[in-house]
Amino acid sequence: MQEAAKNRELISALADGQLRDEDFARTVEWVTQTEEARLTWRTYHLVGDVLRSGEPVVSARDSDFLQSLKLRLQQEAPQLRHVTAPELIANDPGMTGARVQNGSKYWSANDSRFRWKMLAGLASLSTVAVIGWQIVSGWGDLSEARQLAQVPVQALQPEVGLTQPGVGAEPQRMIRDPQLDALLAAHKQFGGTSALQGPAGFLRNATFEGGAP
Amino acid sequence: MTRYIAGLLLMALSATAMAQTTITAAAPAAVDRPIAERSVGDWLQRMHDASRQRAYVGTFVVAGGGRLSSARIWHVCDGTQQMERVESLTGAPRSTFRHNDKVLTFLPESRVVLAEKRESLGLFPQLLQANSAAIAQYYRVHEFGSERVAGFEADVLELQPVDSLRFGYRIWIEKDTGLMVKLQTLNGRGQVLEQAAFSDLQFEAPVSMTKLAQMMSHTEGYKLEKPEMRKTTAEAEGWVLKQVVPGFQPMSCYQRSVKGSAQSQHEHTLQWIFSDGLASVSLFIEPFVARRHGQPASQALGATHTLTRRFGDWWLTAVGEVPTETLAAFAQGLERQK
């Protein structure tokens with residue numbers, strides 16, 4: 001069982017282009033020789049395709065599997081919002097610094113790149129019989145998470161959460177109460193008591209609609 | 001799968017426990033950073049000088065709380081005078097003009113122009129000097145090399161809070177000018193709560209101060225509104241903060257009219273302002289009115305959090321770019337003296 005899981009991990013690494021030398025040769029050989037390995041290899045790419053586009057090019061006999069996978073993904077996706085990827089990471093405030101030293105610069109826990117990976121991670125759980133990624137033991141580790149995020153994560157890297165910062169954070173509810181808006185505006189008038197919100201903060205407040213006068 | 005979920009729960013629990021411990025033991029830790037790095041004060045001074053010495057035109061984008069707002073910015077400075085025009089590109093049309101500490105916001109739809117004085121903008125240099133020591137006590141600065149923003153190379157640094165009573169900030173500072181070109185507000189888990197950045201930026205742009213001044217003076221056809229304000233002290237108004245929130249100093253206190261509570265112009269709201277140098281908190285205290293004030297609640301919009309609470313005949317609304325726990329600490333420490 002452990003052997004099988006290890007082999008599947010090798011296939012995962014192979015598809016990520018992470019294998020070299022002997023490991024590479026051995027895994028390629030295994031994939032070409034056994035039906036089970038070939039199936040794993042194909043499913044692995046299929047999962048990647050579904051996650052990336054939702055509409056992969058597949059042969060007719062894969063379509064049933066694809067349908068069920070998409071269904072499972074739809075079921076999993078709402079749960080993902082509650083789980084929130086960042087909670088998977090240690091909540092140490094110094095963490096951001098540590099990550100930089102690890103070579104992954106400036107990625108915040110909730111940046112969309114990481115969310116994508118988590119989607120990949122959860123999708124893999126829904127098809128856990130197919131690909132035995134080591135998510136259970138490794139989910140606390142960002143570098144491990146990167147390995148889970150098969151195929152071309154590179155192509156999908158957006159600027160750090162510019163479009164949706166705070167996604168995956170606690171739900172952002174702000175009831176539009178004119179009284180509260182007025183108080184927010186009054187607070188902003190003195191936002192300049194903060195050094196960061198000096199001239200630059202003025203721009204932020206003048207631009208931001210929330211609680212605008 | 002079960003192990004996975006159990007792990008998540010454990011993580012969430014330990015996060016809560018951690019947050020609680022840090023709040024109760026919120027004493028600032030010692031500041032230790034490599035000597036070679038610039039201090040918080042150096043960086044802030046550099047950023048401040050940038051806005052004083054440069055002219056630029058750009059598009060500024062603020063994202064947080066599920067919203068994306070943007071505005072066109074014109075900034076000009078002749079060494080002594082600063083002028084700025086901010087034209088909103090999203091939401092209701094809004095033009096904001098700033099001449100040093102004087103701010104006019106034109107709302108063309110309601111034909112209203114709001115006139116305010118941003119005392120703190122005028123005071124900024126002094127404020128900066130007074131604050132940088134306090135800031136260094138509660139935030140550690142880390143430099144993270146450089147990155148490109150809006151086409152410019154920028155130094156990246158992070159101000160990490162030493163406790164859980166404040167948020168962290170990641171700042172991108174343009175290498176040549178020192179202008180802050182991007183700012184992220186981060187919670188204790190490193191999540192981006194809010195982000196503000198220039199999406200395009202042009203330095204040494206031909207911005208005419210005279211032209212901006214002309215636009216700013218075109219108030220015909222607009223109704224001028226000014227918030228009524230009277231400087232006071234919390235003590236004089238019968239309020240005291242019995243339990244101080246670490247790092248937050250009282251800055252000023254006003255009795256003011258607040259738009260929205262318009263029905264009774266006589267009613268005034270007390271605004272007591274605190275700051276730790278980077279984040280600010282306003283405590284608004286007004287008489288409790290059952291039909292207007294609902295249940296105590298807390299909300300968040302981007303990095304701005306609010307908390308409401310009833311104090312007998314009074315109603316408190318705490319607002320600030322701080323975690324809800326910090327607002328709760330303020331509410332807990334507040335006491336009526338009279």
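In which loop of chain B is the place of B:A150? B:A150 sits in the loop that joins β7 (139-149) to β8 (152-161) of chain B.

The model shown is predicted, and local features need pLDDT of at least 70, side-chain atom pairs count only at pLDDT 80 or more, and totals for chains, interfaces and linings use all residues. Residues are numbered from 1 along each chain as its sequence is written, with chains lettered from A and ligands numbered from 1 in the order in which they are written.

View 1. B:A150 has a phi of about 50° although it is not a glycine. B:A150 is partly exposed, with 19 other C-beta atoms within 10 Å. (A residue is buried if 20 or more other C-beta atoms lie within 10 Å of its own, exposed if 12 or fewer, and partly exposed in between; C-beta atoms are placed from the backbone.) B:N100, also not a glycine, has a positive phi near 50°. The loop that holds B:N100 runs between β4 (95-99) and β5 (102-107) of chain B. With 15 other C-beta atoms within 10 Å, B:N100 is partly exposed. Helices (H or I, at least four residues) and strands (E, at least two) are DSSP runs, numbered from the N terminus.

**View 2. The seven-stranded open sheet of chain B.** The strand order is β13-β15-β16-β17-β20-β19-β18, with antiparallel pairing. At the edges stand β13 (229-231) and β18 (298-301) of chain B, each with a single partner strand, so one side of each has no neighbour in the sheet. On average, neighbouring strands of this sheet are turned by 20° against each other, direction ignored. Two strands pair if DSSP finds at least two bridges between them. Axes are lines fitted to C-alpha atoms, for helices over the stretch in contact, and angles run from 0 to 180 degrees between N-to-C directions.

View 3. Four bridges join β18(B) to β19 (residues 304-311) of chain B in the antiparallel sense. B:A300 has B:H305 in β19(B) as its bridge partner. Two residues lie between the strands of this hairpin, and B:G302 takes a positive phi near 60° there. Helix α9 (residues 178-189) of chain A lies across β15 (249-256), β16 (269-275), β17 (280-287), β19 and β20 (314-320) of chain B, at about 55° to β20(B). Helix α5 (residues 324-333) of chain B packs on the sheet and touches β17, β18, β19 and β20 of chain B, its direction making about 25° with that of β19(B). Contact here requires C-beta atoms, placed from the backbone, within 7 Å.

**View 4. The buried side of α5(B).** B:T326, B:L327, B:A329 and B:F330 are buried in α5(B). These residues cover an arc of only 155° around the axis, which puts them on the same side of α5(B). The arc is that of the directions from the helix axis to the C-beta atoms.

**View 5. Nonpolar cores.** B:V181 and B:L283 touch the most other members of the largest nonpolar core, which has 77 residues. Leaving out residues up to four places away in sequence, B:V181 touches several residues, among them B:V149, B:A150, B:F152 and B:W172. A second, separate core of eight residues includes A:I11, A:A37, A:Y44 and A:V47. A nonpolar core is a set of buried Ala, Val, Leu, Ile, Met, Phe, Trp, Tyr and Cys residues joined through C-beta atoms within 7 Å.

**View 6. A:S12 in helix α1 of chain A.** A:S12 is placed in helix α1 (residues 2-15) of chain A. A:S12 counts as buried because it has 24 C-beta neighbours inside 10 Å. A:T40 is 28 residues from A:S12 in sequence and 9.0 Å from it in space, C-alpha to C-alpha.

**View 7. Confidence along chain A.** Chain A has ten helices and zero strands. Its mean pLDDT (the predictor's confidence in each residue, from 0 to 100) is 55, and 31% of its residues reach 70 or more. Among the elements of chain A, helix α7 (residues 135-138) has the lowest mean pLDDT (32) and helix α2 (residues 21-33) the highest (81). Over residues 79-107 of chain A the pLDDT stays under 50, and the model has 59 contacts for them beyond four places in sequence. Where pLDDT is low, the predicted coordinates should not be read in detail.

Definitions and conventions. Contact = placed C-beta atoms within 7 Å.
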